[in-house]
Every structure is written in C-alpha cells, then in structure tokens.
Amino acid sequence: MDSSLPLILSRDGAGPLHLQLAEQFRAAIRDGRLQAGHRLPSTRDLAKELSVSRTVAQAAYDQLHAEGWIAGKTGSGTYVADVVPLQPAQRAARPPQPEAEELLSLRPGIPYIGAEADPGWRRAWREVSTQVPARGYDHPAGLPALRAALAEHVGRVRGIACGPENLLVTNGTTHGLRLLLAVTRAAGDRIAIEDPGYLNAVTAAHDHGLQVVDIPVDEDGLWVDDLGPDLAAVYVTPSHQYPLGGRLPVARRNELIRWARRTGATLIEDDYDSEFRYDVAPLPALAQLDLDRVVHLGTLSKMLSPSLRLGWLVASPSVVDRLADHRAASGDWPGWPMQTALLAMLRDGYLDQVVRRSRRLYAERRNHACSVLTPYGQIVGQDAGLHITLVLPDSFDDRAVAAKARAAGVVVAPLSEYRRSIPGPPGLVIGYATPSTEDLNRALQILSGVLES
Ligand SMILES: Cc1ncc(COP(=O)(O)O)c(C=O)c1O
C-alpha cells in the first residue's frame, strides 16, 4: 500500500527526516486529507517508497502515536485515529511594537550602564569564582559578612548607626517592601503613600490587602500635617520624593518621627537614589533619627543596575529576625553569588568609585537637561537623583505630549501617570541617566521640538 500522500523530504537542512515526515502526516490529518480510520502504509513500505531507512519511518510513527494522531498495533496495521488530538493553543497575535532601539528612552529610574565591564566589576566576579558556596543554606537574612559590610556602608554614607543585626539583604526595594508588608501588616491596615508617588508601592500595598491613603506632596516632599492618627504605616521617599524630587527638610523629618512615636506607626523610608546629590548638603536619613520607628530600604538598582536585583533593608533587630524567619520558610532570599559579589565590591571600594564617577556624569547631564528644558516649564527635583520633573502650564495634556514625543522617537513619562486622587499640574518626568551623552542630547533636542510645537 502506498501512502497516497505526496510526501516530500528535504535533506538540505530542513531538520531530521522523521520530524519532517511526522509533520506532513499531521498536516494531512489536520486538514482532512487523511480521515479517521484511514490505513497507513507499513513502516517497511513507507521506507521503501521514500528511500529512507525503516528507523526513520518508525520514529515518525512513534511520534504520531505518542501525540495521539494515529493508532494501531504492530501486525494489525496503523490507522488514523478517530480522536482529534488537542491543537496547540493559538497565541494572540501581538500588536507590532516599535523597535526598542529606535526609541530614545528618558523614562526615569535606570542608571547609565556602559558597554564595557569595569575592572572593579571583573575583580568582584573573579573573587566569586575562587570561592565555594556553603554546604547548606545560607542565613536567610543574608551572608553575615555582607550584613556587616552593609552596616558599615549605610553608617558611612547615610549616617545610620547600626550593626549586622539591623541588616537584611533583599532583592531590591520592591522585594523588601513586599516582605515587610507580608510579615508585619494585616489586611485592612491603612498605609499612607505619597500622591503623586511610586506606583509599585501602591500595588504592593493593594496586593497585601492594605487600604491606601493618598497624602499630598509639595516641592519639599510629603505633607506631614496631613497624616491621620489611624495609620499603621507611611511609605515615603524623603531623600528625593518620587517623582517630584523634593528633599524633605529637617523640620518635617523631625515632625514625621514625632508623629510616628505618638501613633506607633511604622515609617517605610524608600532611599532609592540618595547616593546622587548635587551641590546640596546631605540630610539625615529617617532611619538615622529613629531605627525603632523606621524601616529603611536601599537598592543597587540606581548605582549599578536594576537587573542585579539586590538591595538591603535596615530595621530594628526584632523586625529583621521576623523577616528572616519568614524567609527561612519561603526560601526567598538572594543567591550566594550575587551577595558574594556585592561583598567584594564593597570591600575593595568599587561601589564608592562607581557612585563618585556617576555623580560627576549625572551632574553634567542634569545641568544640560535643565538648560534645554527651562523655557518650557518649571523644573523641580534637580538637586538629587537621576531624573528631573518638568512641570508644564495647566493648558497642557501631559499624556498627549508624551505620546507626541514617542511618535517623534523619545520616551518620557507623563507626570499624571503617577497621580492617583490628588489633582495637580501636568508635567513630564525625565530621566537623564540612562542614554549615552550623545543620545541624551538628541533626545532633549527632539523633546524641545515637541514642546515648542
Ligand atoms: C521610588 C523608587 N523606589 C525604588 C525603586 C527601585 O526598586 P528596586 O530596588 O526594586 O529595583 C525605584 C525604581 O525605579 C523607584 O523609582
């Protein structure tokens, strides 16, 4: 019996012969050319007809058999099965996306990452490669040596007097925040979050069943006077309010701490980009003022890269212990290689070096961005961080401006994207750290053309 199908096998790189054969039978069954019950040739006849080895024909039948397209036993013949096999799920066609590399991104949040690996970076990973991981689980709060090095680091650069017992290594700010909410908060608790503010924090609160209370901010940051008595926690970005960029003045910091002591609420200090500060004096971290009331979140995301997924949480030892106990059960803590690399980077001064170098680069870029954009609105938040916010006249629709900029090849974030219930002027949140200096100049040129029009 011949196969009665025009079977064509290609030996020019079209893949293994048995897979080609199986696919042609599949297609014929699928489109009805071969009906249920149709008897197929024996593997011997098929092999002869196609001038292939019998193993090829047998392998094709085995595959079709396993997938349910054909049935039958050796000796009694092979038939097309009458059960139609499950078709693979059709994936929804993705709308065409503009090529990422065609767009210049001024979205905030990503540091400049050069094309070459720094010698300091390579040294750290060489150091990792010479060591052997522990023969068991590492401490769920983080490697003891890293916790000690981080305690020294946050003491030196953020003025927080603490020891290893206050440190927990995280996969970044968002991870630390979620862990904290999961372990220390109950569904229904009220948490105050800046509005406009960091939307990941709002999502984290909602995911844990918390009730989010929107608190206004001004050019200095959070309106501390608006905090009510029944809040369990406040999430705040005092060193560079996200996204408006205010630096919470000392008087408001003190007032915030006094309020937390009075009410018993926890202050969650997101210190995401405090390493970058230009021509202004440092302000005390909230955690420096009272580590019993404050949980401080730090991250490598703005210093090195968000792709490393590494950060730290500073809190009282009792909070750290509770979080570590939770992680011992969940198994959810950063892996040994990344922790060991960070330890090496801290020990040999590489992290400090990167921050010093980036600070110089970002200061120049910030100056340039401010000078190009000044004619179009009020620039705020330029004293620190990796982004500025251009507050636009009320007549502007910032989403429409961002859409126009995108069509012209530049991605920026509209300020209204960060607002929830508290109204405020339109604006653009503009990150100046990510692109090369040349791309930044081009992007700013395009953006000013859009704003001009
Ligand atoms: C306000 C704020 N906090 C924290 C982060 C960093 O989060 P993670 O450490 O999880 O990367 C960002 C990043 O954009 C941010 O904007």
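A backbone N or O atom of Thr173 lies 2.8 Å from an oxygen atom of the ligand, in what is a predicted model.

| Residue | Atom on the protein side | Distance to an oxygen atom of the ligand |
|---|---|---|
| Thr173 | backbone N or O | 2.8 Å |
| Ser301 | polar side-chain atom | 2.7 Å |
| Arg309 | polar side-chain atom | 3.0 Å |

On its own the ligand has 400 Å² of accessible area, and the protein covers 92% of this. The residues around the ligand include Gly172, Thr173 and Thr174, the tyrosines Tyr198, Tyr235, Tyr242 and Tyr272, and also Asp270, Thr299, Ser301, Lys302 and Arg309.

Thr173 belongs to helix α6, which comprises residues 173-184. Its relative accessibility is 10%, and because buried means under 20%, Thr173 counts as buried. When residues up to four places away in sequence are not counted, Thr173 touches Asp270, Leu297, Gly298 and Thr299; of these, Asp270 and Thr299 are also listed among the residues around the ligand.

Helix α14 is formed by residues 437-452, and at 1.5 Å a residue its 16 residues should span 22 Å, which agrees with the 22 Å that separates its end C-alpha atoms. Which residues of α14 are buried? They are Leu440, Ala443, Leu444, Leu447, Ser448, Val450 and Leu451. Seen down the helix axis, these buried residues fall within an arc of 155°, so they line one face of α14. An α-helix has 3.6 residues a turn, so residues three or four places apart point the same way. On the other side of α14, Glu438, Gln445 and Glu452 are exposed. The cover over the buried residues of α14 includes the helices α12 (350-373) and α13 (398-407), together with the strands β4 (104-105), β14 (387-391), β15 (410-411) and β17 (427-431).

Asp290 is placed in the loop between α9 (286-289) and β11 (294-299). Is Asp290 buried or exposed? With a relative accessibility of 11%, Asp290 counts as buried. The side chain of Asp290 reaches the backbone nitrogen of Asp292 at 2.8 Å, and, leaving aside neighbours within four places in sequence, Asp290 is in contact with Ile257 and Arg261. Ala315 is 25 residues from Asp290 along the chain, and the C-alpha atoms of these two residues are separated by 9.6 Å.

How values were computed. Residues numbered from 1 in each chain as written. Predicted model: local features only at pLDDT ≥ 70, side-chain atom pairs only at ≥ 80, totals over all residues. Heavy atoms only, no water. Helix = DSSP H or I, 4+ residues; strand = E, 2+ residues; numbered from the N terminus. Buried < 20%, exposed > 50% of the residue type's maximum accessible area, 1.4 Å probe, protein only. Contact = heavy atoms within 4.5 Å. Polar contact = N/O pair within 3.5 Å; in protein donor to acceptor, adjacent residues only side chain to side chain. Expected span 1.5 Å × (residues − 1). Arc of directions from axis to C-beta. Near = heavy atom within 4 Å. Areas by Shrake-Rupley, 256 points an atom, 1.4 Å probe, with all protein chains shown as cover.
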